[in-house]
Amino acid sequence: MNLTHLGRAAGAAAHAPLRLTGPEQATLDALLRAGLGPLRCHAVELRGTPDLVLDSHRVCVFVHGCFWHHHRGCQLARVPTTNRAFWEAKFARNQARDAAVLTALQAQGWRTIMVRECATRRMQATRLGAELKRLLESGATHAEITSGPPDPAAAGSHLSAGTSPSQLPA
Ligand SMILES: [Zn+2]
């Protein structure tokens with residue numbers, strides 16, 4: 001996490017030390033690369049503490065880890081085989097909380113975008129930024145950016161379906 005870069009480039013009110021996760025940083029980078037802003041991070045006054053907020057667009061961006069937010073069908077979101085009932089109950093609670101947060105924010109006139117961790121890992125920053133820009137301009141109330149189809153059958157090819165040339169067969 002580079003605070004100097006964040007404060008200068010994003011105009012963020014970085015008064016307190018900010019710790020961004022890798023996927024959050026990737027999403028921030030993508031937004032900046034797309035020329036989107038101003039934005040701020042971890043808006044504690046808003047329900048669910050949105051990871052990134054673009055006030056001028058009235059948009060909250062949540063960057064959700066695939067495991068904890070249980071991205072169904074995603075290879076990063078496999079349920080641990082031990083204590084399975086415990087994990088499934090926990091994931092169900094997390095998902096219910098996520099849904100309640102989005103509903104509450106939308107009721108206050110916020111638009112919401114959910115960026116899945118797998119998308120930040122597999123999409124180039126320019127492509128992710130372009131997608132975020134497109135969604136911002138679309139005026140959609142809610143949108144989700146995910147790297148692949150939420151289909152368990154597709155999980156086997158999940159990580160080989162990216163856009164990076166390095167993943168193509170030699
Ligand atoms: Zn995922």
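**Exercise 1.** Determine which residues of β4 are buried on each side of the strand.

*Solution.* Take as buried a residue with 20 or more other C-beta atoms within 10 Å of its own, the C-beta atoms being placed from the backbone. Strands here are DSSP runs of E with at least two residues, and helices are runs of H or I with at least four, numbered from the N terminus. On one side of β4, Arg111, Ile113 and Val115 are buried; on the other, Thr112, Met114 and Arg116 are. In a regular strand the side chains alternate between the two faces of the sheet. With 6 of its 6 residues buried, β4 is therefore largely enclosed by the rest of the structure.

The model is predicted: local features need pLDDT of at least 70, side-chain atom pairs count only at pLDDT 80 or more, and totals for chains, interfaces and linings use all residues. Residues are numbered from 1 along each chain as its sequence is written.

**Exercise 2.** Identify the strands that pair with β4, and the sense of pairing.

*Solution.* Pairing requires at least two DSSP bridges between two strands. β3 pairs with β4 in the parallel sense over 6 bridges, and Val59 stands opposite Arg111. Strand β5 (residues 142–145) also pairs with β4 in the parallel sense, over 4 bridges; there Glu144 is the bridge partner of Met114.

**Exercise 3.** Describe how exposed α3 is, and its span.

*Solution.* From first C-alpha to last, α3 reaches 35 Å, close to the expected 34 Å (1.5 Å times one less than the number of residues). Gly109, with a positive phi near 90 degrees, follows α3.

Methods. A residue is buried if 20 or more other C-beta atoms lie within 10 Å of its own, exposed if 12 or fewer, and partly exposed in between; C-beta atoms are placed from the backbone.
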